[in-house]
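Have a go at each task before you read its solution.

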Amino acid sequence: MKKDKNGIIRGYFRPKSGADDLQGGITALVEAGVASGNLFFEQEGTAELERLLGLLEKGDTIVVLRLRDICRNIGELFGLVRRLLLQGVVLKSVGEPWFRLSGDMMQDAALYELISHLYDLSCCLGTEVSTAVPAARKPVGRPRGIRADYRKKLEAALKLYTERSELSVAEICGTVGLNQRTFYRYLDQQGFRVVHRPKGRKAKQSARTS
């Protein structure tokens, strides 16, 4: 198995119909550093993707041909990003060379840049990949997109939310100057299923019987 200095390098992609696309994807991933024995691909379903994710250990690297191969929408991508960050797994994309996810980004300013790129990518993922959920209708007269200053607040709040589990949503929103309802809506859009609790985010533990 081919390894980098810390772990195994594995590749994944979804070939389109035709042998040319299959061979082209294999070639691209091999050139990106993936050994032929560590390649995973499938045209339908997620069985191979789940098998790949089940093999991962801290220090491993996943190289994908394009981000839309591993998710149907931006919510799924954020969920996967969070999972891999916690596992200490590196994620790279051949088709999006600006994308590189690694565990050291949890304490790095580069996470802000990554979140910004992912947010911009959401439009592409929403239109090209996910057609099951219709796009929400925008109210008449409301400006399109999120203002730059407001996006910075959302990104700062998301960073605190992922890194400081002891803080409640109310405390996070008070720190960055953000409306709680707006932040809950933003979390939901990014794939975080959060129960709206005014005091902290810890779930109640059931009493254990002796």
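What follows is a set of tasks, each with a worked solution.

Before you start: this is a predicted model, where local features need pLDDT of at least 70, side-chain atom pairs count only at pLDDT 80 or more, and totals for chains, interfaces and linings use all residues. Residues are numbered from 1 along each chain as its sequence is written, and side-chain values use heavy atoms, with hydrogens and water left out.

**Exercise 1. Work out the pattern of helices and strands along the chain.**

Start by counting elements: there are seven helices and five strands. Helices here are DSSP runs of H or I with at least four residues, strands are runs of E with at least two, and numbering goes from the N terminus. Now read along the sequence, and you get β-α-β-α-β-α-β-β-α-α-α-α.

**Exercise 2. Find the residues that touch the most other members of the largest nonpolar core.**

Buried means under 20% relative accessible area, exposed over 50%, and partly exposed in between (1.4 Å probe, protein chains only).

Next, look at the 38 residues of the largest core: I62, I70, L84, L91 and F183 touch the most other members. Elements giving two or more residues to this core include strand 3 (61-64), helix 3 (74-87) and helix 5 (148-163). Helix 3 gives the most, with seven residues.

Then zoom in on L84. Not counting residues up to four places away in sequence, L84 touches L53, L56, I62, V89, L91 and L101, where contact means heavy atoms within 4.5 Å.

**Exercise 3. How do helix 5 and helix 7 pack?**

Two packed helices are described by the angle between their axes and the distance between the axes. Axes are lines fitted to C-alpha atoms, for helices over the stretch in contact, and angles run from 0 to 180 degrees between N-to-C directions.

For this pair, the angle is about 70 degrees and the axes are 11 Å apart. Angles under 35 degrees count as roughly parallel, over 145 as roughly antiparallel, 65 to 115 as roughly perpendicular and the rest as oblique. Helix 5 and helix 7 are therefore roughly perpendicular to each other.

As for who meets whom, Y150, L154, A157, L158 and Y161 in helix 5 meet T182, F183, Y186 and L187 in helix 7. By class, that contact has eight nonpolar, one polar and no charged residues. (Ala, Val, Leu, Ile, Met, Phe, Trp, Tyr, Cys and Pro count as nonpolar, Asp, Glu, Lys and Arg as charged, and the others, Gly among them, as polar.)

**Exercise 4. Decide whether L29 is buried or exposed, then do likewise for D69.**

Take L29, in helix 1 (residues 19-31). Its relative accessible area is 0%, so L29 is buried. Leaving aside neighbours within four places in sequence, its contacts include G11, V34, V63 and V94. L65 is 36 residues from L29 in sequence, yet the two are 6.8 Å apart in space, C-alpha to C-alpha.

Now D69, in the loop between strand 3 and helix 3. At 5% relative accessibility, D69 counts as buried. Beyond its neighbours within four places in sequence, D69 is in contact with Y12, F13 and R14.

How values were computed: Core = buried A, V, L, I, M, F, W, Y, C linked by side-chain atoms within 4.5 Å.
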